[in-house]
Each structure stands twice: as structure tokens, then as C-alpha cells.
2 protein chains.
Amino acid sequence: MASLFFEDFIEGEVKTYGAYKVTEAEIIDFARQFDPQPMHLDAAAGAASMLGALAASGWHTCAIMQKLTCEGFLLNAAGRGSPGVSEVKWKMPVFPGDVLSVRRKVLESRTSKTKPDMGLVTFRLELLKSTGEVASEETLVILFARRNPGARLA
Amino acid sequence: MASLFFEDFIEGEVKTYGAYKVTEAEIIDFARQFDPQPMHLDAAAGAASMLGALAASGWHTCAIMQKLTCEGFLLNAAGRGSPGVSEVKWKMPVFPGDVLSVRRKVLESRTSKTKPDMGLVTFRLELLKSTGEVASEETLVILFARRNPGARLA
């Protein structure tokens with residue numbers, strides 16, 4: 001059973017979770033499937049590119065952020081899907097050996113007007129390297145069930 | 001050698017490319033790796049969810065859009081990476097058996113002020129079902145090398 005509901009996400013709250021080590025094999029595997037640009041497939045092409053070395057597809061870094069977010073809290077929450085993302089910034093390349101975590105901030109929390117048993121939470125998610133540098137960031141909206149739908153109306 | 005450069009992307013231009021059939025096995029495989037929420041892993045959980053049936057992770061649909069975009073033109077272009085995406089909307093679930101294509105529109109094209117040998121192109125990409133319905137859309141910026149960097153300055 002879910003233990004986190006809409007009411008549990010408080011505006012301004014910041015949490016950090018996860019420790020995920022990226023491998024060269026998975027960078028190449030993701031790129032072969034979904035983003036076969038040379039700098040994501042081959043060390044020499046990566047070195048010659050603007051990335052400076054073989055580096056993960058930006059979409060791969062989004063997928064890793066989602067994996068860490070599922071494990072960090074979403075699988076323990078009454079999530080009801082997502083309408084989308086406003087803004088993804090790929091700020092630094094992610095290389096083999098990088099250990100990634102996620103810092104999440106609750107930007108906004110509001111009940112749904114059309115679905116009174118749900119609320120929308122807007123998160124700023126930052127993908128952090130072990131140095132503390134921000135490799136990428138995104139603003140993601142997730143719908144959650146309300147714990148007590150009748151208790152308070154927006 | 002690349003045959004498409006910055007100058008080849010004309011504002012307002014619309015092109016459609018790709019025909020990619022989604023399988024149940026790959027939906028589950030992606031979800032296991034990156035988005036293990038029940039509605040992306042299991043038919044019964046999908047049927048009980050807001051998606052109505054087992055359906056692909058939104059991030060999986062972004063990855064498929066990138067694959068189609070690579071094959072559609074990006075691997076044939078002098079791409080120099082992407083700073084990110086402004087807005088991803090997941091509008092309809094993507095189910096096993098859906099055949100997807102991409103409609104791309106060039107929203108904006110401008111030379112870079114800091115990198116005079118490059119230009120930035122903003123694309124609106126729509127992931128289409130075979131019915132013509134838009135499953136998802138995103139606004140993606142890609143950097144391209146200029147064919148003749150000295151020929152005209154913005």
C-alpha cells in the first residue's frame with residue numbers, strides 16, 4: 001500500500017536520494033537503442049565531440065533520474081501519472097564511472113479542479129554528480145491521490 | 001560526412017518520418033530498467049490505472065522519439081548536441097502494437113552569439129500514432145555546425 005499521498009509533499013521541501021554508478025556498457029546500450037549518435041557510442045568519437053569523452057545521451061540521464069525517483073519515493077506513493085515536464089536542461093555530460101543522485105524540491109502543490117480526489121505536485125529535480133555538480137535538471141509534474149479527498153478543497 | 005547543416009533547417013518547415021511498432025516486451029523492459037511503476041510493468045495494473053492498459057513510460061516515448069529523430073535526419077546532420085528541452089507533454093498513453101512516427105516543425109533558427117561556427121534550431125516534435133493522434137510532444141533545441149561560418153553573421 002502507498003504511504004505517501006498528495007498531502008505529504010510540502011512546498012519548499014528538499015530531499016536527496018539515490019547513488020547510481022553509470023557504466024560505459026549501459027551508456028552504449030542505451031545509445032544503440034535510442035540515441036545512436038557517435039559521441040554516445042564510441043570513445044574516440046566522444047573525445048572528438050563537444051562532450052570531451054564518451055558520454056550518456058541526455059535522454060538516458062532523464063531515464064536514470066526517473067529510476068532514482070521511483071526508488072527514492074515514487075514507488076512508495078499513490079502516484080497517478082504525469083502530464084509532462086516543463087524544461088529539461090542538460091548542463092554537463094555524464095561519463096562512465098559517475099555516481100549520480102537526485103535532489104528534489106517541491107516547487108508547487110495544488111489540488112486538481114477537475115479531479116477532486118487528486119492533487120498535482122511540481123518538482124524541480126536535479127541530477128547530481130558526487131562532486132555536487134548539477135549534470136541536468138528538470139521540472140516534472142506528478143499527480144497523486146489525496147489521502148482524504150473530502151477533507152479540504154482548494 | 002554530414003549533409004545537413006544549420007542552414008538547411010528553415011523556420012516553418014514541417015516533415016514527418018519513421019514508422020516504429022511498439023512491443024509489450026520493450027515497454028516492460030524499459031520500465032524494469034528505468035520506470036518500474038506497476039502500470040508500465042503489468043497488464044492488470046495497467047488496466048486498473050489511469051492509462052487503461054499496460055502502457056509505455058513517458059520517458060520511453062521520449063527515447064523512441066529520439067531514435068526516430070536520429071534515423072529521420074539527425075545522423076545525417078552536423079549535430080553538435082543539445083542544451084535541453086522546453087516542455088514535454090505526455091498527452092495519450094502508448095500501447096503495445098502502436099505504430100509511431102514523428103512530425104517535426106522548425107520553430108526557430110538562429111546563429112549562436114558565443115559560437116559563431118554554430119547555430120541553434122528549435123524543433124517542435126510530435127509523436128504520432130497511426131491514427132494521426134498526438135501521443136506526446138516536445139520542444140527540443142539542437143546545435144548544428146554552420147556550412148559556411150563566415151558567410152553570414154546574425
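Student: Which residue of S2(B) does Lys89(A) stand opposite?

Tutor: In this predicted model, Lys89(A) faces Gly84(B), which belongs to S2(B).

Student: What makes strand S2 of chain A and S2(B) count as a pair?

Tutor: Two strands are said to pair when at least two bridges are found between them.

Student: Why are H3(A) and H4(B) called roughly antiparallel?

Tutor: Two packed helices are described by the angle between their axes and the distance between the axes. Here the axes of H3(A) and H4(B) come within 10 Å, with a crossing angle of roughly 170°. Angles over 145 degrees count as roughly antiparallel, and H3(A) and H4(B) are therefore given that description.

Student: Which residues of H3(A) and H4(B) meet?

Tutor: From H3(A) come Trp59(A), Cys62(A), Ala63(A) and Gln66(A), and they meet Trp59(B), Cys62(B), Ala63(B) and Gln66(B) of H4(B). By class, this contact has six nonpolar residues, two polar ones and no charged residues.

Student: How many residues does each chain give to the contact as a whole?

Tutor: Chain A gives 27 residues and chain B gives 28. On the side of chain B, the elements that supply two or more residues are helix H1 (24-34), H4 and strand S2 (84-90). That side of chain B divides into 14 nonpolar, nine polar and five charged residues.

Student: Which residues of helix H1 in chain A are buried?

Tutor: They are Ile27(A), Phe30(A), Ala31(A) and Phe34(A), in the helix that covers residues 24-34. To be called buried, a residue must have 20 or more other C-beta atoms within 10 Å of its own.

Student: How do you know that the buried residues of H1(A) line one face of the helix?

Tutor: Seen down the axis of H1(A), these residues fall within an arc of 100°, so they line one face. The face turned away from the buried side carries Ala25(A) and Arg32(A), which are exposed.

Student: What covers the buried residues of H1(A)?

Tutor: The cover includes helix H3 (58-72) of chain A as well as helix H4 (58-72) of chain B.

Student: What does the secondary structure of chain A come to?

Tutor: Chain A has three helices and five strands, and along the sequence they follow the pattern β-α-α-α-β-β-β-β. Of its 154 residues, 38% count as buried.

Technical notes. Residues numbered from 1 in each chain as written. Chains lettered and ligands numbered in written order. Predicted model: local features only at pLDDT ≥ 70, side-chain atom pairs only at ≥ 80, totals over all residues. Buried ≥ 20, exposed ≤ 12 C-beta atoms within 10 Å, placed from the backbone. Helix = DSSP H or I, 4+ residues; strand = E, 2+ residues; numbered from the N terminus. Arc of directions from axis to C-beta. Contact = placed C-beta atoms within 7 Å. Nonpolar A, V, L, I, M, F, W, Y, C, P; charged D, E, K, R; others polar. Axes fitted to C-alpha atoms, helices over the stretch in contact; angles between N-to-C directions. Parallel < 35°, antiparallel > 145°, perpendicular 65-115°, else oblique.
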